[in-house]
Amino acid sequence: MDATVHIADDYNRSQMIGLGIFFIFLPIVAVILRVWAKLLGPRGIVGDDILIFFGLAFAIGCGCVQLVAAIDGQLGQHQATTSTGQPLLNDPRFALYEKVGNFTRAGMQVE
């Protein structure tokens, strides 16, 4: 029995921009709802609740990085190639995409 696995890799630029906006909007809504619920509760906002704002800043930063990579870089786009089919590694959009990717990976590393 042979199973065929289909990987959905047909993302385009507009989908990446939409996801970037969604991943900025979603954590903002979640933090607003959490703060509102905490303010209605008996304890209010205490010291450990402040950490959610650092998480919000990180989430917004990751969404912004995705937007920059999709709008100015090559996220969700085919990479430019030479006549032999090899990728153009000196393309400025590819260089921007790589810089943005390195920034995101560096921010997510846990030692």
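I take buried to mean under 20% relative accessible area, exposed over 50%, and partly exposed in between, with a 1.4 Å probe and protein chains only. By that scale Arg 34, at 37% relative accessibility, is partly exposed.

**Entry 1. Ground rules**

I note that this is a predicted model, in which local features need pLDDT of at least 70 and side-chain atom pairs count only at pLDDT 80 or more, while totals for chains, interfaces and linings use all residues. Residues are numbered from 1 along each chain as its sequence is written, and side-chain values use heavy atoms, with hydrogens and water left out.

**Entry 2. The chain as a whole**

I looked up the secondary structure and found 3 helices and 0 strands, in the order α-α-α from the N terminus. Helices (H or I, at least four residues) and strands (E, at least two) are DSSP runs, numbered from the N terminus. Of the 111 residues, 20% count as buried. I then turned to contacts, meaning heavy atoms within 4.5 Å. Among those between residues at least 6 apart in sequence, 54% join residues at least 24 apart.

**Entry 3. Salt bridges at Asp 49**

I counted 2 salt bridges, each being a side-chain nitrogen of Lys or Arg within 4 Å of a carboxyl oxygen of Asp or Glu. Arg 34 and Asp 49 form one of them, at 2.7 Å from N to O. Arg 34 lies in helix H1 and Asp 49 in the loop between H1 and H2, so this pair ties together parts 15 residues apart in sequence. Lys 38 also forms a salt bridge with Asp 49, with the closest N and O atoms 3.4 Å apart. That pair links Lys 38 in helix H1 to the loop between H1 and H2, 11 residues apart. Asp 49 is buried at 4% relative accessibility, whereas Lys 38 is partly exposed at 24%.

**Entry 4. Helix H2**

The buried residues of H2 include Leu 56, Gly 63, Val 65 and Gln 66. I followed Gln 66, which sits in helix H2 (residues 51–71) and is buried at 18% relative accessibility. Leaving aside residues up to four places away in sequence, Gln 66 touches Met 16, Leu 19, Gly 20, Phe 23 and Leu 75.

**Entry 5. Cysteines**

I found 0 disulfides, a disulfide being a pair of cysteine sulfur atoms within 2.5 Å. The sulfur of Cys 62 has its closest cysteine sulfur in Cys 64, 9.4 Å away, which is too far for a bond. Cys 62 is partly exposed at 24% relative accessibility, and Cys 64 is partly exposed at 36%.

**Entry 6. A nonpolar patch**

I located a nonpolar surface patch of about 610 Å², made by Leu 39, Ile 45, Ile 50, Leu 51, Phe 53 and Phe 54. Patches are made of residues with over 30% relative accessible area and no salt bridge, like charges being joined within 9 Å and nonpolar side chains (Val, Leu, Ile, Met, Phe, Trp, Tyr) within 5 Å. H2 gives the most to this patch, with 3 residues. Leu 39 belongs to helix H1 (residues 13–40) and is exposed, with a relative accessible area of 57%.

Methods. Accessible areas come from the Shrake-Rupley method with a 1.4 Å probe; for residues, only the protein chains shown count as cover.
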